[in-house]
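Please read this report on the fold next to the sequence and the model.

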Amino acid sequence: MSWVNKYKLLAIEAIKYENQPCLTIDSLWNALHSMFNTALHRQIDTEVLEEIIDKSPSFWAPFSKEEFRSAIANCNNSSTPGLDKLSWSYLKTVLKHDECLTNIINIVNACIDLGYWPAHFKRSTTVIIPKPNKQSYDSSKSFRPIILLNMLGKLIKKVIGKRLQFQVVSNDFIHPSQLGGLKFKSTIDVGIALMHIIRSCWVKNISTSTLAFDIAQFFPSLNHHLLTCILKKAGLDNCVVNFSTNYLVGRKANYF
């Protein structure tokens, strides 16, 4: 049956940007970079944060071995490695040795104290893959970026991310209605919250409707200055804010 065979793409198809085909590496870079970093340098209004109450500064404790072992336990061994070519299975073997794990923790604690993220961890490869079932692949919108990071840096990022989430949830900085991307929150919680609102309105004989929308390229285009201001509002230690600021600058990426 011909309709179940693999879809055949055109033999030659150039990505177009601003109605012009990208026939050189420079023009292709400009098209991809403009697509995946659309709001990078847009002006922002930090006054939107004034209505948020500043949280009291909290102490940032040194990392523990359990935090690293817990973070790597559920990592998929089949994940594609970054430039360092390390795999999760290799790092899991390394972290079984207390001396190796202690050295890694010492490096991370030093990075936080100094507010510095090494350039070695700031390099990444962005693989551009086609979205399935598109009629044409002559636009950068028909592709999506997959970022391959240094695996050790990726592990450290996971540990720091869990610690950040724990602190901002503990001091009630995160709004109760925020359900996505948080530990111990699931799709079921979203459904329960939504049904509660709907049924509460039914009791008052009010009809309800739901509006869903997607903010395109939100994470790649997040303004770094605004993010730093939010971290300060969350009451994080100054060393963590300084580290996060350094983490975001001086990064290098290759498109593949």
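This is a predicted model: local features need pLDDT of at least 70, side-chain atom pairs count only at pLDDT 80 or more; totals for chains, interfaces and linings use all residues.

Residues are numbered from 1 along each chain as its sequence is written, and side-chain values use heavy atoms, with hydrogens and water left out.

The mean pLDDT (the predictor's confidence in each residue, from 0 to 100) of the protein chain is 87, and 94% of the residues score at least 70. Helices (H or I, at least four residues) and strands (E, at least two) are DSSP runs, numbered from the N terminus.

| Confidence | Element | Mean pLDDT |
|---|---|---|
| Lowest | helix α1 (residues 25-36) | 84 |
| Highest | helix α4 (residues 98-114) | 96 |

Helix α2 (residues 65-73) packs against helix α5 (residues 151-170) at about 110°, with the axes 9 Å apart. Angles run from 0 to 180 degrees between N-to-C directions, and axes are lines fitted to C-alpha atoms, for helices over the stretch in contact. α2 is therefore roughly perpendicular to α5 (65 to 115 degrees). Contact (heavy atoms within 4.5 Å) involves Phe68 and Ile72 in α2, among others, and residues of α5 including Leu155 and Val159.

An open sheet of three strands has the order β4-β3-β5, with mixed pairing. Two strands pair if DSSP finds at least two bridges between them. The edge strands are β4 (143-149) and β5 (252-255). Strand β3 (residues 123-130) pairs with β4 in the antiparallel sense over seven bridges; Val127 has Ile146 in β4 as its bridge partner. Helix α1 packs on this sheet and touches β3, β4 and β5.

Methods. Angles under 35 degrees count as roughly parallel, over 145 as roughly antiparallel, 65 to 115 as roughly perpendicular and the rest as oblique.
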